[in-house]
There are 2 protein chains.
Amino acid sequence: MNAVDLSVYLVTDRGLSGVRGVKETVLAAVRGGATVVQLRDPDATTRDLVVEARALVGLLRPHRVPLIVNDRVDVALAADADGVHVGQSDMDASDARALIGQDRILGLSITEEADLDRSDLTVVDYLGVGPVFATPTKADAAPPMGMAGLKRIATRTGLPIVAIGGLHAGNAADALAAGAQGVSVVSAICAAPDPEAATRELAEIVRAARAGR
Amino acid sequence: MNAVDLSVYLVTDRGLSGVRGVKETVLAAVRGGATVVQLRDPDATTRDLVVEARALVGLLRPHRVPLIVNDRVDVALAADADGVHVGQSDMDASDARALIGQDRILGLSITEEADLDRSDLTVVDYLGVGPVFATPTKADAAPPMGMAGLKRIATRTGLPIVAIGGLHAGNAADALAAGAQGVSVVSAICAAPDPEAATRELAEIVRAARAGR
């Protein structure tokens with residue numbers, strides 16, 4: 001079991017980062033207190049993904065913020081990233097674990113309570129649970145489960161949970177109250193006018209919510 | 001250096017295989033004498049690719065026909081495929097070699113003579129060279145190099161070459177005369193009314209061309 005601070009979990013989005021670019025957005029988020037970054041770019045070529053992942057590893061390692069690669073185990077290994085995140089249309093977590101070894105972080109997205117019965121949950125370090133709310137940043141997302149759905153899942157698993165989907169400063173405390181260790185965001189940081197300030201606000205909300213438990 | 005018989009190199013295409021399906025097409029091609037099969041399905045999810053690759057490994061291994069996975073090193077490893085084929089928009093061959101080890105087959109597509117100067121050519125087992133002719137089965141293909149381009153490249157490298165792009169029974173012998181060890185085809189087999197007969201015809205042409213050298 002690899003420990004990862006899920007408090008403020010940034011998922012990158014090339015489109016939403018706009019002219020600022022992914023790297024600058026990630027750096028701003030790290031200055032604001034992001035605790036983990038996931039590289040997600042399903043339309044990029046493998047070549048571009050490897051280049052991007054290596055650049056982000058280089059940016060993040062001095063800050064001790066782990067880089068997790070969405071879906072692509074090969075890219076994570078080629079770039080020596082800190083981990084991989086797989087979803088329901090990616091390879092089984094057990095296959096991913098066999099390829100990345102015991103020392104890299106492995107996350108799995110689950111979209112409904114029934115996913116808790118998957119046999120490969122034993123090999124993951126954390127769960128991404130959602131979408132809590134509807135989100136425009138993932139076209140093929142499952143139906144939203146609401147805070148009630150998040151809470152039902154959190155009470156049934158001992159794995160650390162990061163809440164995913166439609167999270168922002170206005171509902172992050174509720175996600176923590178429902179049992180999440182942190183919030184995963186895309187637009188709340190990437191599309192913010194000031195990503196550093198947006199991240200700092202989220203980080204303070206999460207810290208306060210965890211302290212008040 | 002891993003030996004691979006490049007004579008009749010089938011690249012799968014889900015769309016062109018139609019109702020017959022990829023597996024049935026591959027089996028027919030193997031009965032007809034295909035010597036190597038590459039799984040290529042850039043639009044499939046990772047989950048579906050792993051399922052497909054495992055199924056093809058299971059089909060092909062009893063026939064001692066290697067399965068090579070296009071681009072996706074992670075899928076090749078998860079399915080224990082025999083090798084990987086990378087193109088110019090995939091990861092460097094040297095990165096792929098580091099991930100797959102010495103004993104799996106590694107192929108690299110090159111699209112122009114200048115690609116022969118790539119430093120990672122030292123780690124590949126064969127080259128895919130093309131497109132020789134224009135092809136409708138790869139949307140982002142480079143400009144065709146013609147038989148003259150294939151010949152120029154073949155005279156400059158000691159690596160085994162499979163000719164790619166617009167190859168069929170009518171021009172396979174020319175490709176062999178230009179220096180290729182075999183022909184890579186998609187539509188000439190997948191879109192043929194009788195894939196087994198189409199493969200047999202190609203295999204006989206290649207065999208005759210190699211015997212006449």
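Predicted model: local features only at pLDDT ≥ 70, side-chain atom pairs only at ≥ 80, totals over all residues.
A residue counts as buried when its relative accessible area is under 20%.

**Cysteines**

With a relative accessible area of 1%, Cys190(B) falls under 20% and is therefore buried. Cys190(A), at 2% relative accessibility, counts as buried too. The table puts the two side by side.

| Residue | Relative accessible area | Class |
|---|---|---|
| Cys190(A) | 2% | buried |
| Cys190(B) | 1% | buried |

**Where chain A meets chain B**

Now to the interface. Here 20 residues of chain A are in contact with 20 residues of chain B. Together the two chains bury about 1,600 Å², and carbon and sulfur atoms account for 50% of that area. On the chain A side, 35% of the area buried against chain B is supplied by Arg47(A), Asp74(A) and Met91(A), more than any other three residues give.

Which elements of chain A give two or more residues to the side that touches chain B? They are helix 3 (46-60), helix 4 (73-78) and helix 5 (93-100) of chain A. Helix 4 of chain A has the largest share, with five residues. By type, the residues on this side of chain A are seven nonpolar, four polar and nine charged.

Technical notes
Residues numbered from 1 in each chain as written. Chains lettered and ligands numbered in written order. Heavy atoms only, no water. Buried < 20%, exposed > 50% of the residue type's maximum accessible area, 1.4 Å probe, protein only. Contact = heavy atoms within 4.5 Å. Buried area = accessible area lost by both parts, 1.4 Å probe. Helix = DSSP H or I, 4+ residues; strand = E, 2+ residues; numbered from the N terminus. Nonpolar A, V, L, I, M, F, W, Y, C, P; charged D, E, K, R; others polar.
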